[in-house]
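Subject: Structure for your review

Hello,

Please find the structure below. My notes on what was found in it follow.

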Amino acid sequence: MNALPRLLGLWLALSGSALAAGGEQADPAKEAAMRALAARDAPKDVSAQDFVTKEPAKTGYCANIADAAADARFAWQKEQLAAMERQVEERIKLLEEKRAEYETWLKRRNEFLAKADESVVAVYAKMRPDAASLQLANMPDEAAAALLTKLNARTASAILSEMEPARAARLARAMTEAGSRDAAAPAAKKNQRS
């Protein structure tokens, strides 16, 4: 390629000297065309743009950032997984706390029912309601409520009707709470097994 411009330059010089020596007249259009060809074929300065691939702009850009985008997507997914893991750990912690709470409650309930021994229950079942109510009035609420739950409903209601209303209400509330806990315990065990 470098030889062509030299040849053109040489040809122009010769043709110019031939014209000057008295040959044919010079054609300005031909000379302009020859100069344009010489300028086109002249060696160019190399620039950074010459080394850039001739791909469309979007394809080149996307290809250039593909690795960075994949790394960013991976980092985002890793961050999301870490956040989900923290949430799962928090929920497990809450469930463990609830399980411990239910175990504590179950232990208290079993102790509560154990206080009302069968023989004591049999004694109170045969007592007159007014005498039983006086004795239960001097017992702690928890023990009295446990005893009343072991009695049949007719006997327990007769004893409660002989007590002063405030004490009877406290004992009835304790019995109700024990009953609602009884209903919640099987559900808690069922959920624990699931």
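**Findings**

Ala125 sits in helix 4; helices (H or I, at least four residues) and strands (E, at least two) are DSSP runs, numbered from the N terminus. Before going further, note that this is a predicted model, in which local features need pLDDT of at least 70 and side-chain atom pairs count only at pLDDT 80 or more, while totals for chains, interfaces and linings use all residues. Residues are numbered from 1 along each chain as its sequence is written, and side-chain values use heavy atoms, with hydrogens and water left out.

With a relative accessible area of 39%, Ala125 is partly exposed (buried is under 20% relative accessible area, exposed over 50%, partly exposed in between, with a 1.4 Å probe and protein chains only). Leaving aside neighbours within four places in sequence, Ala125 is in contact with Leu151 and Thr155, where contact means heavy atoms within 4.5 Å. Ala125 and Asn152 are 27 residues apart in sequence, and their C-alpha atoms are 8.0 Å apart in space.

As for the chain as a whole, the protein has eight helices and zero strands, so the pattern along the sequence reads α-α-α-α-α-α-α-α. Buried residues make up 16% of the 194 residues. Of the contacts in the chain with a separation of 6 or more, 69% are between residues 24 or more positions apart.

Next, the packing of two helices. Two packed helices are described by the angle between their axes and the distance between the axes. The axes of helix 5 (residues 129-137) and helix 7 (residues 153-162) come within 8 Å and cross at roughly 70°. Axes here are lines fitted to C-alpha atoms, for helices over the stretch in contact, and angles run from 0 to 180 degrees between N-to-C directions. That angle makes helix 5 roughly perpendicular to helix 7 (under 35 degrees counts as roughly parallel, over 145 as roughly antiparallel, 65 to 115 as roughly perpendicular and the rest as oblique). On the helix 5 side the contact is made by Pro129, Asp130, Ala132, Ser133 and Leu136, and on the helix 7 side by Ala158, Ile159 and Glu162.

Ser133, in helix 5, counts as buried because its relative accessibility is 4%. Apart from neighbours within four places in sequence, Ser133 is in contact with Ile159, Glu162 and Met163. Ile159 in turn touches Tyr124, Pro129, Ala132, Ser133, Leu136, Leu148 and Leu151, not counting residues up to four places away in sequence.

The largest nonpolar core has 19 residues, of which Leu136, Leu148, Leu151, Ile159, Met163 and Leu171 touch the most other members. A nonpolar core is a set of buried Ala, Val, Leu, Ile, Met, Phe, Trp, Tyr and Cys residues joined through side-chain atoms within 4.5 Å. Two or more residues each come from helix 4 (118-126), helix 5, helix 6 (141-150), helix 7 and helix 8 (165-193). Helix 6 gives the most, with five residues.

Finally, Arg167 lies in helix 8. Arg167 counts as buried, with a relative accessibility of 7%. Leaving aside neighbours within four places in sequence, Arg167 is in contact with Leu136, Ala137, Met139, Pro140, Asp141 and Ala144.

Regards
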